[in-house]
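The stops below are given in the order in which they may be selected.

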Amino acid sequence: MKELLKKYENKEPEIVFNWKDPETYAEGWTVINSLRGGAAGGGTRMRNGLDMNEVLSLAKTMEIKFTVSGPAIGGAKSGINFDPKDPRKKEVLERWYAAVSPLLKSYYGTGGDLNVDEIHEVIPITEESGVWHPQEGVFNGHFKPSEADKINRIGQLRHGVIKVIESPEYSPDVLRKYTVADMITGFGVAEAVKQYYDIYGGSVKGKRAVIQGFGNVGAAAAFYLSQMGAKIVGIIDAAGGLINEEGFTFEEITSLFLAKKGNTLVSNDLIPFEEVNEIIWSIETEIFAPCAASRLITLHQIDQMIDSGLEVISCGANVPFADKEIFFGPIMEHTDYRVSLIPDFISNCGMARVFAYFMERKVQMTDEAIFKDTSNIIKEALQKVYNKNKLKTEISATAYEIALTQLI
């Protein structure tokens, strides 16, 4: 696996598109690792301090993710070095998407990512640049449909991603009109835990869980894990955290989901970050879902959790460990060797899978069909890992070997 990984990491990307905004200090990159299958896909992120290497590592991650979620295309990513809180953000995005629109028409598909919203920013702004849909390039480059078929399938994709969830089984409050895009990634993180116990033995019910990050992914993962019967005993995000070693009730977790402000945990009982960060890693827990930013989890934190009974990690964040390597750094390797570590490209593939699902011809548009499809994809991926390695350790190493064998 390590030889395959080294070869994959060292391969130069096929296309690097670099843009400098004439009006501000913003600089952007689209990195296309390969045009496997005639196209490439990956979202657009924005943050201060972002550089091309970050975008490259994310593009390579996307390519691995597509081996699980489909379609069989190359990995790509866009990143803009700019403060997302700057009032000029919309203008920067407008100029960025105007510049990158020829790629989006031809062979590159994008979506939302860190600090860039799929529904309110990516879709309307790319439309203004003459792109039918942010995924149009994947249709043209990979699927090569007839014009009529393309219109139908783009319509299906457009409707599906912004579809309001009507079933209370999948929404914390149907009256608040949460969409598939709001919930599906966190659902996948929770579902990966459920499928892990189904395949490797045991049950998610009654297991204690700690959630890191309470944005869309972390809050949704907490909601679905709690719904499955897991006991959320700790939540930590940048604003602070909450601990209840008896486990929060499903109603309490739902209330916390509904009370969050944007990506921030809100509670009258919030423990300051410095204080919760000292104690949360050593409370007894079997499940850990890191759903905050990349490269935060230290070796010491992991060892504290393992010593407190940790069994499985389901990654909501891409590369959650504080390693400098693109993929399999020493902290991740150490963790994979000691506990069951479900890699990000399986556990957080929900949104990528939703795109792939709606790109197919005439799929069912019900909540149940959409969410069950993501569940089945995650189940199939974990079953393949189990078929190759029945141990509860080195799950990530095995998953990478399966994926890289398809790419190299």
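Select Ser-308 first: this residue is buried, with a relative accessible area of 14% (buried means under 20% relative accessible area, exposed over 50%, and partly exposed in between, with a 1.4 Å probe and protein chains only). Ser-308 is found in the loop between helix H11 (299–307) and strand S11 (312–314); helices (H or I, at least four residues) and strands (E, at least two) are DSSP runs, numbered from the N terminus. The model is a predicted one, in which local features need pLDDT of at least 70 and side-chain atom pairs count only at pLDDT 80 or more, while totals for chains, interfaces and linings use all residues. Residues are numbered from 1 along each chain as its sequence is written, and side-chain values use heavy atoms, with hydrogens and water left out.

Next, display the surroundings of Ser-308. A polar atom of its side chain lies 2.9 Å from the backbone oxygen of Gln-304. Leaving aside neighbours within four places in sequence, Ser-308 is in contact (heavy atoms within 4.5 Å) with Trp-281, Ser-282, Ile-283, Glu-284 and Thr-285.

**Salt bridges**

Which residue forms a salt bridge with Glu-136? Select Lys-150: the closest N and O atoms of this pair are 3.1 Å apart. A salt bridge is a side-chain nitrogen of Lys or Arg within 4 Å of a carboxyl oxygen of Asp or Glu. Because Glu-136 lies in helix H5 and Lys-150 in helix H6 (residues 147–161), the pair ties together parts that are 14 residues apart in sequence. Both Glu-136 and Lys-150 are buried.

Asp-149 is buried at a relative accessible area of 14%, whereas Arg-361 counts as exposed at 60% relative accessibility.

Move on to Lys-388 and Glu-401, whose side chains meet in a salt bridge (3.8 Å, N to O). Lys-388 belongs to helix H15 and Glu-401 to helix H16 (residues 395–407), so this pair ties together parts that are 13 residues apart in sequence. Glu-401 is partly exposed, with a relative accessible area of 28%. For a network, select Arg-45, Arg-47, Glu-54, Lys-77 and Asp-113, which are joined by salt bridges that share partners. A search of the whole structure finds 27 salt bridges.

**The domain interface**

Now colour domain 1 (13–144) and domain 2 (174–406), as given by the domain assignment of the protein; such bounds come from an automatic or database assignment. Their C-alpha centres lie 25 Å apart. The contact takes 19 residues from domain 1 and 22 residues from domain 2.

How much area is buried between domain 1 and domain 2? The value is about 1,800 Å², of which carbon and sulfur atoms give 73%; buried area is the accessible area (1.4 Å probe) that two parts lose on being put together, summed over both. In domain 1, select Ile-64, Lys-65 and Val-68, which lose the most area to domain 2, together 32% of what that side buries. The count of salt bridges between the two domains is 0.

Finally, select helix H2 (52–69), which gives the most to the side of domain 1 that touches domain 2, with 10 residues.

Terms used:
A polar contact is a pair of N or O atoms within 3.5 Å; within protein, one must be able to donate a hydrogen and the other to accept it, and residues adjacent in sequence count only if both atoms are side-chain atoms.
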